[in-house]
Amino acid sequence: MRLPEPHAEPHGSAAERHPGYAAPAYAARCGTPSSAYAALDLGTNNCRLLVGAPAHAGFRVVDSFSRIVRLGEGLAATGRLSETAMDRAVAALAACAEKLARRPVRHLQAVATEACRRATNGAAFLARVEAETGLRPRIISAREEAELAMESCSPLLEEQDRRALLFDIGGGSTEIAWIRSPPGRRRRLASTAMALVRCQPSSSAMSPCRSAW
C-alpha cells in the first residue's frame, strides 16, 4: 500500500522543536522475554518497520509501519542528504521508536541502504538518528542488501525450482540476485549488485535512466 506523500518537517532537531524531548527508551525493551522480532529498513525513498512473531509456517506480522520520506531527494546533485529530507526521515524513525517502546521485542535489526551509503554526511545523519530516537541503523553494502532480499524471497521457491533471478528495485539502487539450487543438495545462494539506477524527480530524469540500461 502506497502512503500519501509526507509534508516537509520543520528544521531543527526534535529536542529543539519540543523542549524536554528525550529519545524513546526502546532499547530497554529489546532483549526481553518476547517472541517478537523487529526489522527496520531506512531506504532512499521509504522507511519501513515490521514486527513479527514466530508462527507454525514462518512469522506472523503483529505490527508494521511505512512512510515515504524521500531521504535521497537531491542526493545525486549535491552528494549530501538535505536538511529537509533528514528531518522527514528522523520524524518517521521517531514514530518507529515509539512503536518499539510500546512493544517488547527479542531482537531488532535496523539497516540503512543506498542514500546513507552514498551521502557524504550519511554517518553524521545516523549519529543524529541515534541521538534523537535511540535507534542505530547500520549501513549495509549493496551486496548484503541483495543477499537479504534473496533470503527473504527464497521461501517462495518450490522444491523443483532450480534457478531463479531476483530483481530488488529500490528508491536508490537495484540489486540483481542469481539463485541456484542444485539437485539433491541444499539450496546455494549467490548474488551480485548490478545496474545501479538513480532517477531525479524532473522531466529530464528518464534520459540517464535509459542510458544506464
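Author: A residue counts as buried when its relative accessible area is under 20%, as exposed when the area is over 50%, and as partly exposed in between. The model discussed here is predicted.

Reader: Which residues of strand β1 lie on the covered face?

Author: In a regular strand the side chains alternate between the two faces of the sheet. Strand β1 spans residues 37–42, and Y37, A39 and D41 are on its uncovered face. The covered face holds A38, L40 and L42.

Reader: In what order do the five strands of the open sheet lie?

Author: Strand β1 is joined to strand β2 (residues 46–55) by six bridges, and these two run antiparallel. Six bridges also join β1 to strand β4 (residues 107–112), but here the strands run parallel. The edge strands, each pairing on one side only, are β3 (58–68) and β5 (138–139). With mixed pairing, the order is β3-β2-β1-β4-β5.

Reader: In β4, which residue is the bridge partner of A38?

Author: Strands β1 and β4 run parallel. A38 belongs to the covered face of β1. Its bridge partner in β4 is L108.

Reader: Which element gives the most residues to the largest nonpolar core?

Author: This core has 33 residues, and those that touch the most other members are L40, L42, L49, L71, L100, F125 and L135. Two or more residues come from each of β1, β2, α3 (83–102), β4, α4 (114–118) and α5 (122–133). The largest contribution, 10 residues, is from α3.

Reader: Beyond its neighbours within four places in sequence, which residues is L71 in contact with?

Author: L71 is one of the core residues that touch the most other members. With neighbours within four places in sequence left aside, its contacts are L42, G43, T44, L81, A85, M86, A89, A115, C116 and F125.

Reader: Is W178 buried, partly exposed or exposed?

Author: W178 is in strand β7 (residues 174–180). Its relative accessible area is 38%. Buried requires under 20% and exposed over 50%, so W178 is partly exposed.

Reader: Which strand gives the largest share of the nonpolar patch?

Author: The patch lies on the surface and consists of L165, F167, I169 and W178, with about 440 Å² of accessible area together. W178 is placed in β7. Three residues, the largest share, come from strand β6.

Reader: What is the phi of R70?

Author: Most residues other than glycine have a negative phi. R70 is in the loop between β3 and α2 (75–78). Although R70 is not a glycine, its phi is positive, at about 50°.

Reader: What share of the residues in the chain is buried?

Author: The chain has seven helices and eight strands. Its accessible surface comes to about 12,100 Å², and 54% of that belongs to carbon and sulfur atoms. Of the 213 residues, the buried share is 39%.

Definitions and conventions. Residues are numbered from 1 along each chain as its sequence is written. This is a predicted model: local features need pLDDT of at least 70, side-chain atom pairs count only at pLDDT 80 or more; totals for chains, interfaces and linings use all residues. Side-chain values use heavy atoms; hydrogens and water are left out. Patches are made of residues with over 30% relative accessible area and no salt bridge: like charges are joined within 9 Å, nonpolar side chains (Val, Leu, Ile, Met, Phe, Trp, Tyr) within 5 Å. Accessible areas come from the Shrake-Rupley method with a 1.4 Å probe; for residues, only the protein chains shown count as cover. A salt bridge is a side-chain nitrogen of Lys or Arg within 4 Å of a carboxyl oxygen of Asp or Glu. Helices (H or I, at least four residues) and strands (E, at least two) are DSSP runs, numbered from the N terminus. Buried means under 20% relative accessible area, exposed over 50%, partly exposed in between (1.4 Å probe, protein chains only). Two strands pair if DSSP finds at least two bridges between them. A nonpolar core is a set of buried Ala, Val, Leu, Ile, Met, Phe, Trp, Tyr and Cys residues joined through side-chain atoms within 4.5 Å. Contact means heavy atoms within 4.5 Å.
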